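Subject: Two-chain model, handover and notes

Hello,

Here is the structure that I said I would pass on. My notes follow below it.

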Amino acid sequence: MRLCASDLGCRRGGRTVFEGISFAVEAGEALTIRGRNGAGKSSLLRLIVGLVRVGGGRLALEGGDPELSLSEQAHYLGHQDALKPSLSVGENLRFWSEYLGGLSSNAGEALTTVGLAALADFPAAYLSAGQRRRLSIARLLAVKRPIWLLDEPTSTLDTTAQEQLGGLMRAHLAGGGLILAATHSALGIDGAKELRLGEPQ
Amino acid sequence: MSALAAMLARDLRVAVRVGGGALIGVLFFLVVVTLTPLALGPDLALLQRIGPAILWLAALLANLLALDRLFAADHEDGSLDLIMTGRAPLELVVAVKGLAQWLTTGLPLVIATPPIGLFLNLDAKAEGALVLTLLVGTPGLTFIGLIGAALAVTLRRGGLLLAVLVLPLTVPVLIFGVAAANAAVMGPVPFGTPFTILCAFTLASIVVGPFAAAAALRQEME
């Protein structure tokens, strides 16, 4: 599996966010996307998952499931956690794993992995920001999708949780997955490629 | 299929829990209909004549109340992004959300109609006709409303815009709903004529609404 982009451009609200971006990520590889605020890191991830229209160039996934589109094979972890405060932690996760095409039985295991099993019946309204983020990460584990698109995944996580996320990402890569992460901090993945936005390439 | 079932179950749960809008619409409906005889005075003949129109107007406005949160809530917490990356076709997901919306806001209105109809001096025959027209007409209101809710999703305080967008489109449903209910009570038009047209409007809106709303959502997410 290989995700490659050539000469990719993005326009939003009449402004060119970025143009001429090229990269290629193979199975088992990670790409960290860096750049100052407003350089288009989030826009690039949203463009890959199909939430922003491609403004130029080409984006292709080679060797994926031909029945599914790119966005159906990708997990998108954005700034917002997509949780309903009135539903319990378990209900939130089971909903997303059923909706995104996983098995709801995986949800319990995923909750244990991120350390929220004890809070499964607790309304999501009372979670802290870090716990909400960990619940979102549990979604990536409950539903198997080969491409992870992570937007500032470590924000709001404490050091232990950051290390744990690093471990989860390494396991995903070892299993033949791809990770694209927009971040300002280190992710704990060795040998990750780097893409810099907002600078002449 | 299980993705759609999961969406239906989740929307129903959210609607009936704390902060959900399930009972707001029906409460509004009850308040408006209860206030009408107080405002008009105890003229039973008058109440009976305008009763169906009052109930239909109240149902139309009550339906509008809960619509603005339909997609906006999912947009604000990021759920809409993930909904778009699901494998189920967006049109079907939108239709399922419409169904959940009708079950939590439209259906309670239909159920509340027989007891509240007594306030307007409606007899059993008129109430039966009204319940039938509301049962058939409220899904039409909800599915037309989907389009407005999808168009107003990225706007803060989109509620007023939603009313301006949706209300003109619901005029045929209102006209034929009230006409059918009146026909059953007073004649001379047979009940079947306006009622069949009402059914046609609802069926058309169930087909057109989800497609138009899904197209609007795709456009808005840019």
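Two strands are said to pair if DSSP finds at least two bridges between them. Strands (E, at least two residues) and helices (H or I, at least four residues) are DSSP runs, numbered from the N terminus. This is a predicted model, in which local features need pLDDT of at least 70 and side-chain atom pairs count only at pLDDT 80 or more, while totals for chains, interfaces and linings use all residues. Residues are numbered from 1 along each chain as its sequence is written, and chains are lettered from A and ligands numbered from 1 in the order in which they are written.

Chain A: the strands

Strand E5 (residues 74-77) of chain A pairs with E6(A) in the parallel sense, over 4 bridges. Across this pairing, His75(A) stands opposite Trp148(A) in E6(A). On E6(A) there is also a parallel pairing with strand E7 (residues 178-182) of chain A, over 5 bridges. There the bridge partner of Leu149(A) is Leu180(A) in E7(A). E7(A) in turn pairs with strand E3 (residues 30-34) of chain A, again in the parallel sense, over 4 bridges. Thr32(A) has Ala181(A) in E7(A) as its bridge partner.

Strand E6 (residues 147-151) of chain A has 5 of its 5 residues buried, so it is largely enclosed by the rest of the structure. A residue counts as buried if 20 or more other C-beta atoms lie within 10 Å of its own, as exposed if 12 or fewer do, and as partly exposed in between, with C-beta atoms placed from the backbone. In a regular strand the side chains alternate between the two faces of the sheet. Ile147(A), Leu149(A) and Asp151(A) point one way from E6(A), Trp148(A) and Leu150(A) point the other way, and all are buried.

E7(A) is likewise buried at 5 of its 5 residues, so it too is largely enclosed by the rest of the structure. From E7(A), Leu178(A), Leu180(A) and Ala182(A) point one way and Ile179(A) and Ala181(A) the other.

E6(A), helix H5 (residues 159-174) of chain A and E7(A) make a right-handed β-α-β unit. Right-handed here means that, with the strands pointing away from the viewer, the path from the first strand over the helix to the second runs clockwise.

Strand E1 (residues 2-12) and strand E2 (residues 15-26) of chain A run antiparallel and are joined by 8 bridges. Ala5(A) stands opposite Phe23(A) in E2(A). The two strands form a hairpin with 2 residues between them, and Gly13(A) in the turn has a positive phi of about 60°.

Chain B: the helices

Helix H7 (residues 124-151) of chain B has 28 residues and reaches 40 Å from its first C-alpha to its last, close to the 40 Å expected at 1.5 Å a residue; the expected span is 1.5 Å times one less than the number of residues. H7(B) bends by about 30° at Gly137(B), and Pro139(B) follows within four residues. The bend is the angle between axes fitted to the seven residues ending at a residue and the seven starting there. Of the 28 residues of H7(B), 22 are buried.

Gly148(B) lies in helix H7 of chain B. Gly148(B) counts as buried because it has 28 C-beta neighbours inside 10 Å. Apart from neighbours within four places in sequence, Gly148(B) is in contact (C-beta atoms, placed from the backbone, within 7 Å) with Leu67(B), Leu162(B), Leu165(B) and Val166(B).

Helix H4 (residues 69-76) of chain B has 6 of its 8 residues buried, so it is largely enclosed by the rest of the structure. Among the buried residues of H4(B) are Arg69(B), Phe71(B) and Asp74(B). The buried residues of H4(B) pack against H5, helix H6 (90-117), H7 and helix H9 (192-220) of chain B. Just after H4(B), Gly78(B) takes a positive phi of about 85°.

Where the chains meet

The contact takes 23 residues from chain A and 22 residues from chain B. On the side of chain B that touches chain A, helix H1 (2-16) and helix H5 (79-84) of chain B are the elements that give two or more residues. H1(B) gives the most, with 7 residues.

Regards

How values were computed
Two residues are in contact if their C-beta atoms, placed from the backbone, lie within 7 Å.
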